[in-house]
Amino acid sequence: MPYCRNCSQAFDITLKEKDFYAKMGTKQPSHCFDCRMQRKYAFRNERKIYNRQCSLCQQQIISSYPADAPFPVYCFDCWWSDRWDGLSYGRDFDWSRPFFSQLSELSLKVPHQALPNPNNNQNSPYVTWADWNKNCYLVFSSSMCEDCLYSEVLVDARDCVDCTNVKESENCYFSIDLQKCYNVKFSRNVKDCLDCNFCFDCADCKNCFLSYNLRHGEYYIRNVQYSPDAYVQAVERIMASRSELVRAWDEFINMMRSDAIHQFARQVKCEDVEGDELYACKRSFNSFDSREIQDCCNIIYGDKINDCADSFAIVDHAEKCLEVFSVNGGYQNMYGYGYWGKSQNSRYSNTCVSSVDCFGCIGLKHQKYCILNKQYLAAEYQIMVKKVLEHMRKSNYPTYAGQTSEWGEFFPVQLSPFAYNETMAHVYYPLKKEEVLARGWGWRDENDILTGKETIHGEALPDAAASVPKGMTDQVIGCADCGRNYKLIKQEIDFYTKHTLPLPKMCPECRFQQRLALRNPRKLWPRQCTCLLGHASHQGQSVCPIHFKTTYRPAEGGEAKVYCEECYQKEIY
């Protein structure tokens, strides 16, 4: 069993993974799954945005890069325009130096896109890794949404605020993992529900409150059915008061942990898979939050892809891709990100659009046969790539984990254009500043975060939505949790008023962290079903003997009821 070069922990490389890496013509991974993901996440900044000038048109813009970034940054219109050509930055390959060093120098010259949005958004200047959105604010990794605020991973959502991983839903608030819902608040793992609050694992329900594991229920409170009038009276009293909502939230958390039955994995219409939050997937393992993926492994947020591994945010019929993220279609792209517009046969590149056979390129559009942004004839390119690959196999590049050969490794973290604490790596794999600097990675002190300038503290905000004073958008609020200052926009105040919700006393970042803590980690542990109800499948034993891999940590076994599929189905349906 190999040991990870980054964290030194032993990790397993399955036979399926070995076969896939051999098929792709590259070496087996030297890092464990978590460290491989951490390395890619270190190149993705979703949540940190800055004011600065476009380096071409000089207009004030919103950007993922601060004003002191050491490379040019272009606004959306300038980057996608024909006012510049990525080939003009091309350079000869220097056989005396490591490839990664040359790629790093190229990255300092080529213009970077201010916000990494592959397609246009309308009246949504504060969104990243997002496309086809309208009237959205601080929404990340989302598509085809309208009037959504402070959310991430939304698809076809309307009027949703503070939500995570929500699809085809409308008028939802502070909820996680929703599908086809309307007016659902403070809930998790809910599908096809209407007017529900504080619900967990419910489907096809209406007017349910503080309930779990319901199917086709209506007018339930704490899993007990009420008359319509009694239900409305009880719920209206709680929903309009922050103090009552806080008590209901605490009860909701305890309900999920102690009372609700948890399906070991949410897998719908799947065949031969291992992972969680999977829909219509086949022959795929260690994958999460994906739909219609086949013959894949180690995938996060995949959609309609085949034969891909060790990647995230990869969609639209991409095939045979390895160690990539933010990929839209295409074939056989490896070790890079931002392969948009069905790019093909490209390696070690980023933000290349509709390009074919590119190696170590940045910011190219509709090009082919390029190395370090220099174009070659087709025959020359094939010869050059073979020489570059051999050079990378022999070259060593210094990393935190020591010298490593370049071929078969994703970009080293120190090549990221972002500081570590600006990226999603810091969200999922948080490190202290001293730890980051000791590894030779970048850190940005958050001097732009305003504190101590509040005109009102979060704890002093009105308890009821009806009590919101005029001029609230001018107030600077001090977060009741971290102390960070933040402001409210009219669009969100209108939302809270419409839904009779109190104003949030915590800043958007703390609210995001609160939602994130409710989602299971993307990691599988072996566990045994905890059902004690004596089904036939127990074979006469007091505890169900079925074992499985689940995202619920074994340490939670004394609290959460985690059932195998058969026991879950018998209890819920």
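This note goes through some sheets, a helix, a surface patch, aromatic pairs and backbone angles of a predicted model.

1. An open sheet of 8 strands runs in the order 17-18-19-20-21-22-23-24, and its pairing is parallel. Strand 17 (267-268) and strand 24 stand at the edges; each has a single partner strand, so one side of each is left without a neighbour in the sheet. In general, the strands of a sheet pair through backbone hydrogen bonds, in either the parallel or the antiparallel sense.

2. Strand 20 and strand 21 run parallel and are joined by 5 bridges. To find this pairing in the structure, look for G302, which stands opposite I314 in strand 21.

3. Helix 2 and its cover. How many of the residues in helix 2 (residues 33-41) are buried? The count is 8 of its 9 residues, so the helix is mostly covered, given that buried means under 20% relative accessible area. The buried residues are F33, C35, R36, M37, Q38, R39, K40 and Y41.

4. Strand 30 runs parallel to strand 31 (residues 477-478), and 2 bridges join them. H457 has G478 in strand 31 as its bridge partner.

5. Strands 13, 14 and 15. Strand 14 (residues 218-221) pairs with strand 13 (residues 206-212) in the parallel sense, over 3 bridges. In this pairing F209 stands opposite I221 in strand 14. Strand 14 also pairs with strand 15 (residues 224-225), in the antiparallel sense and over 2 bridges. There, Y220 stands opposite Q225 in strand 15. Strand 14 and strand 15 form a hairpin with 2 residues between them.

6. Positive phi angles. In the turn of that hairpin, R222 has a positive phi of about 55°. D195 also has a positive phi of about 55°, although it is not a glycine. D195 lies in strand 12 (residues 194-203) and is partly exposed, at 23% relative accessibility. E323 is another residue other than glycine with a positive phi, near 55°. Is E323 buried or exposed? E323, found in strand 22, is buried, with a relative accessible area of 2%.

7. Aromatic pairs. The structure holds 50 aromatic pairs. One of them is formed by Y126 and Y137: the pair is edge-to-face, with 5.3 Å centre to centre and 65° between the planes. Y126 is in the loop between strand 4 (112-113) and strand 5 (127-128), while Y137 is in strand 6 (residues 137-140), 11 residues apart. Y126 is partly exposed, with a relative accessible area of 30%, and Y137 is also partly exposed, at 21%.

8. A second aromatic pair. Y348 and F359 form a tilted pair, 5.8 Å centre to centre and with 40° between the planes. Y348 lies in the loop between strand 23 (334-340) and strand 24 (350-353), and F359 lies in strand 25 (residues 356-359), so the pair ties together parts that are 11 residues apart in sequence. Both Y348 and F359 are buried.

9. A nonpolar patch. Which residues form the nonpolar patch on the surface? They are W132, M144 and V155, with about 290 Å² of accessible area together. V155 is found in strand 7 (residues 149-155). V155 has a relative accessible area of 31% and is partly exposed. Membership of a patch requires over 30% relative accessible area, so V155 passes this cut-off with its 31%.

How values were computed:
Residues are numbered from 1 along each chain as its sequence is written. This is a predicted model: local features need pLDDT of at least 70, side-chain atom pairs count only at pLDDT 80 or more; totals for chains, interfaces and linings use all residues. Side-chain values use heavy atoms; hydrogens and water are left out. Buried means under 20% relative accessible area, exposed over 50%, partly exposed in between (1.4 Å probe, protein chains only). Helices (H or I, at least four residues) and strands (E, at least two) are DSSP runs, numbered from the N terminus. Two strands pair if DSSP finds at least two bridges between them. Patches are made of residues with over 30% relative accessible area and no salt bridge: like charges are joined within 9 Å, nonpolar side chains (Val, Leu, Ile, Met, Phe, Trp, Tyr) within 5 Å. Accessible areas come from the Shrake-Rupley method with a 1.4 Å probe; for residues, only the protein chains shown count as cover. A salt bridge is a side-chain nitrogen of Lys or Arg within 4 Å of a carboxyl oxygen of Asp or Glu. Rings of Phe, Tyr and Trp (its six-membered ring) pair if their centres lie within 6.5 Å; planes under 30 degrees apart count as stacked, over 60 as edge-to-face and the rest as tilted.
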